[in-house]
Amino acid sequence: MSFLEINRLHKRYGAVEVLKDINISLEEGGFLVLVGPSGCGKSTLLSTIAGLETITEGEIRIAGRRVNELHPSKRDIAMVFQSYALYPTMTVAQNIAFGMESRGVPKPEREEAVARVSEMLQINHLLGRKPSQLSGGQRQRVAMGRALVRDPQVFLFDEPLSNLDAKLRVDMRTEIKRLHQRVGTTIVYVTHDQIEAMTLATRIAVLRDGVLQQVGTPAEIYNDPVNVFVADFMGSPAMNLVPARINGGADMPMITLGRDAEDALSLPASGCEWLKAHDGREVLFGIRPEALTDAEGADRTADHVVEGECTVDVVEPAGSDTFVVTRLGGREVIARMRSDAVVSVGQRMPFAFNMDKAVFFDPQSEQRLS
Amino acid sequence: MAVSTVDTAVRTGRLMRALIYALLIFFAVYYLLPLFVMLVNSVKPLDEIREGNMLALPREFTIQPWLTAWSSAQVGVQATGLAPYFINSILIVVPAVFISTVLGALNGYVLTKWQFRGANLIFGLMLMACFIPFQIVLIPMAQILGDLGIAGTRYGLILVHVVYGLGFTTLFFRNYYAAFPTELVKAAQIDGAGFFRIFRRILLPSSGPIVVVTVIWQFTNVWNDFLFGVSFADFSSMPMTVALNNLVSSSTGVREYNVHFAGAVLAALPTLVVYIVSGRYFVRGLMAGAVKG
């Protein structure tokens, strides 16, 4: 049985349904990231798990126990807020100890717990300060300390890194991951940053307009998106999605990609013979930039790599890689080439398509074809 | 060309500044003059006042009028001075201010952080209390005080002032707490703190400026109230303002202007002290409340 279960959850504000039939389960010690654009309901979902928002229908279970009716303090959870929500008039030590104080834990025990947690987060020297005297990263640590000291069954993080500058964000991300590895507590984490989602999660849940799009491991979400939204949302630069036509041919179906000025590009759908069933149909051909390379940079372990001649439109050297833009199917397509690939604008050169990684969507329903 | 423009700009600036200062000094003097007259004449013997020059400094300095006003002037039937009524006022003002401030803070807390259906409607209705003229409630209030059996007592006056102050104190605290981050309340809820603990430990410690504003506002209003005092108090519970009126308008004997002046200053003193001590918090608090809400 899974540790955190969300079954058929609905949340309505009057007539507006903000969460529609959410089903998620998470194993003990897992790291679930709720990700989606702003307004998709991910923070509301987290609030319902915390008990700060009631749910209209469905059930939430933590460690097998139904918590729908339980007060937030009785659910054995701890939460880190986006604004950290440190109590401004209390010192760091008082902030961390406030929960224990509320539950009537005796003072020596409180002090011991504060010492233990502050040691772990290296904030011992800050214990006497007020939140206003701390930097962003320090506040973040204190907020985590306040959650850690409870030793809860589930940690809830609500966009905890979005108030930090770029460098600190990466550092704190690593720190949260390390913390998770060390204490092994189950975590539910909300973010709109898909890189945070990929790097931290053991499971990702993608939400859009209150509807759960897909739940899976980061690899599943990244490599096997169920629809165009998930494919487009995860990954940076985003997946190339090109309108294409399938032509059955004799035994190998061909993918035809229209081009503005030149004749259409035809690629054999090697490894995707099932596409024959969609003979003559329009599809969306999805390929990630790293699966579209120069011929020498193609993945040698891939089973099906096909090459096609494309015209280089823009070259963007990024140091570690060179991003090359070409136009296919009326859209810009980004290829990720080796940094020392010799590419010049206007040149016609072979692009290697790793068909193992290619995905196809129905252009109308935007659902995955398989 | 550019230089000359700058030059004129500076010169007009100086002229403007002189004008502004002149105006400010004029108004400062204008507003301070009555206080000056009161203070100067309260330390003169009566003969000197009779000479007719109210603005002159005392030739002969005496604190006798102050002592008389405080302890031996004829206020009612007995020559008790203003002292017992001063005490009365304190005994009315302190509880009335305390209770209305605490209730206002609780109202503001509930109206912003424990929102319920119709909260805004209730707030709107409470706000109406700020606009109801005192005179309208006199008769119903007298009825209620009579029914409760506290007519003519200090408790009756405390109740009246608490009820009347609630609209304002609620308004102040609601607007202040509307800007207070709700995430803090949620965090405290998860930490297991209940309704009152959150109020006492999280909100109240951050409420300094608005508490000062409310206390000053309520203190001034309740202390300076005359209408409720004259309507609902009897001789034993009469507040300072009513006593002062009785002192000044008594028609027997010689009119002791110097004693009247001293009594008036005594009556104004507590509010003056409150403003001087906490005036800058008042302004700061008003601004804090004004930013959002």
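Chain A of this predicted model carries 41 positive and 49 negative side chains, and the centres of the two sets lie 8 Å apart. Lys and Arg are counted as positive and Asp and Glu as negative, while His and the chain ends are left out; each charge is placed at NZ of Lys, CZ of Arg, CG of Asp or CD of Glu.

Residues are numbered from 1 along each chain as its sequence is written, and chains are lettered from A and ligands numbered from 1 in the order in which they are written. Local features need pLDDT of at least 70 and side-chain atom pairs count only at pLDDT 80 or more, whereas totals for chains, interfaces and linings use all residues; side-chain values use heavy atoms, without hydrogens and water.

The C-alpha atoms of chain A occupy a box of roughly 80 × 45 × 35 Å along the principal axes. Of the 370 residues in chain A, 52% are buried, meaning under 20% relative accessible area with a 1.4 Å probe and protein chains only (exposed is over 50%, partly exposed in between). The chain exposes about 15800 Å², of which carbon and sulfur atoms supply 47%; areas come from the Shrake-Rupley method with a 1.4 Å probe, and for residues only the protein chains shown count as cover. Among the contacts in chain A (heavy atoms within 4.5 Å) with a separation of 6 or more, 66% are between residues 24 or more positions apart.

Chain A has eight helices and 22 strands. These are DSSP runs numbered from the N terminus: H or I over at least four residues for helices, E over at least two for strands. Two strands count as paired if DSSP finds at least two bridges between them.

One open sheet of chain A has three strands in the order β17-β18-β19, with antiparallel pairing. Strands β17 (314-317) and β19 (331-338) of chain A each have a single partner strand, so one side of each is left without a neighbour in the sheet. Neighbouring strands here are turned by 25 degrees against each other on average, direction ignored; the axes are lines fitted to C-alpha atoms, for helices over the stretch in contact, and angles run from 0 to 180 degrees between N-to-C directions.

Strand β18(A) is mostly covered, with seven of its eight residues buried. Four bridges join β17(A) to β18(A), and Glu316(A) stands opposite Phe323(A) in β18(A). The hairpin of these two strands has three residues between them, and Gly319(A) takes a positive phi near 90 degrees. Thr322(A) has Met337(A) as its bridge partner in β19(A), and Val325(A) stands opposite Ile334(A). This second hairpin has two residues between its strands, and Gly329(A) in the turn has a positive phi of about 55 degrees.

Another open sheet of three strands runs in the order β15-β20-β16 (chain A), again antiparallel. Its edge strands are β15 (292-294) and β16 (305-311) of chain A, each pairing on one side only. Neighbouring strands of this sheet are turned by 40 degrees against each other on average, direction ignored. Strand β15(A) pairs with β20 (residues 348-354) of chain A over three bridges, with Asp294(A) opposite Phe351(A) in β20(A).

In chain B, helix α9 (residues 195-203) has Ile198(B), Phe199(B), Arg201(B), Ile202(B) and Leu203(B) as its buried residues. Their cover includes α2 (92-102) of chain A, together with α4 (83-113), α7 (154-178) and α8 (182-190) of chain B.
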